Amino acid sequence: MDHKKVITTLLSSVLLISSSGGTILAAANPASTGKNASSSANKPAANKKKAAANKVVHTLANVPPVKVTARSTVTLTDVNILSQNDGNTVTYTLTYKNNDSKPMMMLDYWSKVKTSGGTSFSPKLIAKDQEKKSVSPGSTVDLTYVMKVGREVKLSDLNFLIVKWDFSKPNYESTIGKFVVPASYSITTPVGKTKTVRLSDSAVKVKVSGIKVYPGENKKQYVKIGVNLNNISYKLLDNPNVKWILRAPGGTNYPLTPDKDSTGISIQAQANKTLSLMASLPTALKLEKSELLLVEEQGEEKTALPIAALQLPEASQTNVNTEANQPNLISIDGQTVSTLLESARVRAEDEEYELTMQWVLKNQGKKEVKIPKYALEIRTEDGTSYPIETKALDDLKLKPGSTKTIKLTSTLQGDGDTSKIKFVVMTPASSDESKEGTGTGTSTGAAGFQFSYPVGIYAIPESVTSGDGLTTETVIKNSKGTFGVSVGSLQRLPWMDSDIIAAKVTIRNASTKTVQLPELEAMFTIDSARIDGDTKLIRAQGGKLVGPGMVTEAYLLTKIPSELNMGRLELTLLEKVSETETNDWITLNTSGLIQPLAYVAEGKSFTQGTSEKETELGVRRTFVYPGSSSDIVYTEFEMTNKSLRQNGLGKLVGYYKTADGMYYKAEAKQANRVPGPGQKSIVTFWAKVPKSVKTLSDMRLIVGEGVADNKFVTGEGDATAYVNATSFEIQPKSLPVLSSLNDIDLYPFKFSGANIRAYLTGGTSVQFEMIYSLTQEEAVDSGESGHKYILSVTDGSGKVFDKELALATDLKTGINQTLTWSIDDRVFDKIRGGSYRVALYDVFEGQRIRLAEQAYSYDTSKLPKEEPVIPEFPEEGSENNNGNNNNSNPNR
């Protein structure tokens, strides 16, 4: 019973034993523990140490195994040591190989560690190896031990003993062999070599692929180490609990942080994965002969077990500083992405300024890449950082050859001098749960830090803007081509209770091949205030293709309060990327000085458009329809197509402007059909002007092309604004009353109707007959005129009779046409002759003017002939013939 208790106690102890291994110089049998064996081995050992001092050993492959049976062996296959604040942690791995025909029980063997001076240590099996109870015949088992040793203990000081049960011994155990690590052994894997380790019971080859150093700030440098893991086992390697450490030549440990794509290690069998490990280090730290340590955390206490140490190659200094207008190449998942800070625009205001930039990314690789969500910032000379917020990098993927332009905006303090700032692109921040190590140990504090390093530091290019003025061309070059852009005109036009700012922008194809303009939008900035809302861009030409040297025009317009005074005005063309995203294409600066409208004197015409699409514009005449409370100012406006094809302006918009600066919106009537070559179209403008406006002379008619929904208005559409306006001089006059009904101007018709007869009938009816001519001297298109014409007949008594006439129905075009009508009134019942007057009136919007008036005599040729009344006389000698006795009475 007592022996059984002893055995049980010993077995329990074995389960808790673990030890760390190192490089072995020699293997011994049980007899070697004696004094004689020891002394006989001293000379060879001394000689070997001296020889080994001249050559560093990196492998344990030549170390002889220790026999545990006649056929089975145990080998020291790995040993590592990790310096920490509370001492050194040593791990070593023993590989048992069972060459017998029956299972080898692990309870029969264990390991101890002693120094040459006799100090003993208590190694423990790591947690995952404690369940390994036996080794099947023909197979091997790896057991890894861990133990704590003093800070001054070296691997060469340690003897790794192999112990078995031996009940013939006083302490029931016997040492069957030992391993000694020589001083010449290095646990560090040389540069360019691969280290095979066990991670979560999977065999993994580890190799350093490179180390890069990025410049930082505040006396810091950013280090990025690439590590390749090759899972050579036959099962999935799924997120082993490992840590990575950079050990400086002086022994200081610096934790390394995996980037966001390296935080999870999941590698299929026989597959590879490359990790990116980063650290922020003092710039004074020299990286020559630094090492990469691989540490695995075990158990609930998260004991740090050293797994491997790999020598780091010479670091390559990465220069991420990029000159203005130069590309910066970034490697993403093995694919090259070219980046370029294409343009920048500064808008200063008081002691701060707004910086708008365009950052272009192009995938030059052969596979699709997902762009990391970089942290973007502007950094000043004194280290002040201004973060730039953007959603453009959210889930951004680029196919091979594709390009993405990202608009970036930031508000900064300062004078707007871009030579004092840089655009910095930082990798996405990675969180590390450990702080930078101090002294010679690692630190595992709970407080974490965010790690990020720059992949690009860009000088800000000069702002792509025009000078302070108009017609100055600015040349820009982008992925679409080379363009010369200028402001052709800048107009401020009245619109209801607001004003329209309309700018004509000319875009010239400065390249030698046909290019396609991007989808453009407009943005206005007045005195640093960006105008949101009703801003439009209208293309003068329909297509987007522009041939070499050809010019196209676009109109940019917005509405502002009429009382607003402008200082500086910026016009920005935006390239539309998506329904919600735009990029700056070019910004054109002006002083906000509005050009006066082109002026056309009375009687003169103005030609607008190119030679292929010329239209001649001019005012024919302006006159007034007087009213009781207001007068109607009415203008006949002509457009003549001077081109060789059917062409004309769209719907016109007009405003009357008085000499004292008052504006009156003009109604317009216009033909819908586009005139052919040489044809003329008439547009009539009119507006009611209050009687309080005493002077209607010296007025201006402002005429522009109507626009709506980002296009010119044609047909029945209503304009919501207008562009390309011209000011025409008008002198509203009252039309003289003609004394004849011949040659009356009913533009575009000419009317003659002086040949009028009014036939008296002897009754209440008078029959009228007019022989007239209505001719159109030239081919003119016009809309519905809205005019009515009235023939007014006034008889001798002053009574007036009106007859309404409509062109094309009552009055037909032609020569010597006849119009008849009759008037029935009792006033004509007793008229047998005399005169009357006929006047022609033009009635428009309820107000009328007399055009002509002529007097006529009634035609009596149709009066019925009356019998003459013959008086009766008495016969001669009768009483009746005696005029003296008419009153005689014989009775008197």
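Me: Which residue is the bridge partner of L293 in β22?
Reply: That is A309. This is a predicted model, in which local features need pLDDT of at least 70 and side-chain atom pairs count only at pLDDT 80 or more, while totals for chains, interfaces and linings use all residues. Residues are numbered from 1 along each chain as its sequence is written, and side-chain values use heavy atoms, with hydrogens and water left out.

Me: How many bridges join β21 to β22?
Reply: There are 8, and the two strands run antiparallel. β22 covers residues 303–311. Strands are DSSP runs (E, at least two residues; helices are H or I, at least four), numbered from the N terminus, and two strands pair if DSSP finds at least two bridges between them.

Me: What about the turn in that hairpin?
Reply: The hairpin of β21 and β22 has 4 residues between the strands, and G299 takes a positive phi near 75 degrees there.

Me: Which strand is joined to β21 by 6 bridges?
Reply: Strand β17, residues 242–247, also antiparallel to β21. In that pairing L246 stands opposite L292.

Me: Why is β21 described as largely enclosed?
Reply: Because 8 of the 8 residues of β21 (291–298) are buried. Buried means under 20% relative accessible area, exposed means over 50%, and partly exposed is in between (1.4 Å probe, protein chains only). E291, L293, V295 and E297 point one way, L292, L294, E296 and Q298 the other, and all are buried.

Me: Switching topic. Where is N724, and is it buried or exposed?
Reply: N724 is in strand β57, residues 721–730. Its relative accessibility is 15%, so N724 counts as buried.

Me: Which side chains make polar contacts with N724?
Reply: The side chain of E705 is joined to that of N724 at 3.0 Å, and the side chain of Y555 makes a polar contact with that of N724 at 3.3 Å. A polar contact is a pair of N or O atoms within 3.5 Å; within protein, one must be able to donate a hydrogen and the other to accept it, and residues adjacent in sequence count only if both atoms are side-chain atoms.

Me: What else does N724 touch?
Reply: Leaving out residues up to four places away in sequence, N724 touches Q491, K504, Y555, Q608, V703, G704 and E705. Contact here means heavy atoms within 4.5 Å.

Me: OK, charges. How many salt bridges does the structure hold?
Reply: It holds 34, a salt bridge being a side-chain nitrogen of Lys or Arg within 4 Å of a carboxyl oxygen of Asp or Glu. One of them joins K399 and E368 at 3.4 Å, N to O. K399 is in the loop between β31 (397–398) and β32 (403–413) and E368 in the loop between β27 (352–363) and β28 (369–370), so the pair ties together parts 31 residues apart in sequence. K399 is exposed at 54%, whereas E368 is partly exposed at 43%.

Me: And R492 with D499?
Reply: Their side chains meet in a salt bridge at 2.8 Å, N to O. R492 is partly exposed at 23%, and D499 is buried at 12%.

Me: How far apart are the closest N and O atoms of K544 and E519?
Reply: 2.4 Å, in a salt bridge. This pair links distant parts of the chain, with K544 in the loop between β43 (535–539) and β44 (545–546) and E519 in the loop between β40 (515–516) and β41 (520–526), 25 residues apart.

Me: Last one, rings. How many aromatic pairs are there?
Reply: The count comes to 29. Rings of Phe, Tyr and Trp (its six-membered ring) pair if their centres lie within 6.5 Å; planes under 30 degrees apart count as stacked, over 60 as edge-to-face and the rest as tilted. F768 and Y836 have ring centres 5.8 Å apart and planes at 90 degrees, so that pair is edge-to-face. F768 is in strand β60 (765–776) and Y836 in strand β65 (835–844), so the pair ties together parts 68 residues apart in sequence.

Me: Are F768 and Y836 buried or exposed?
Reply: F768 counts as buried at 2%, and Y836 counts as buried at 1%. Y836 also forms a stacked pair with Y856, 5.7 Å centre to centre and 15 degrees between the planes.

Me: Which residues form one aromatic cluster?
Reply: F768, F801, W821, F828, Y836, Y856 and Y858.
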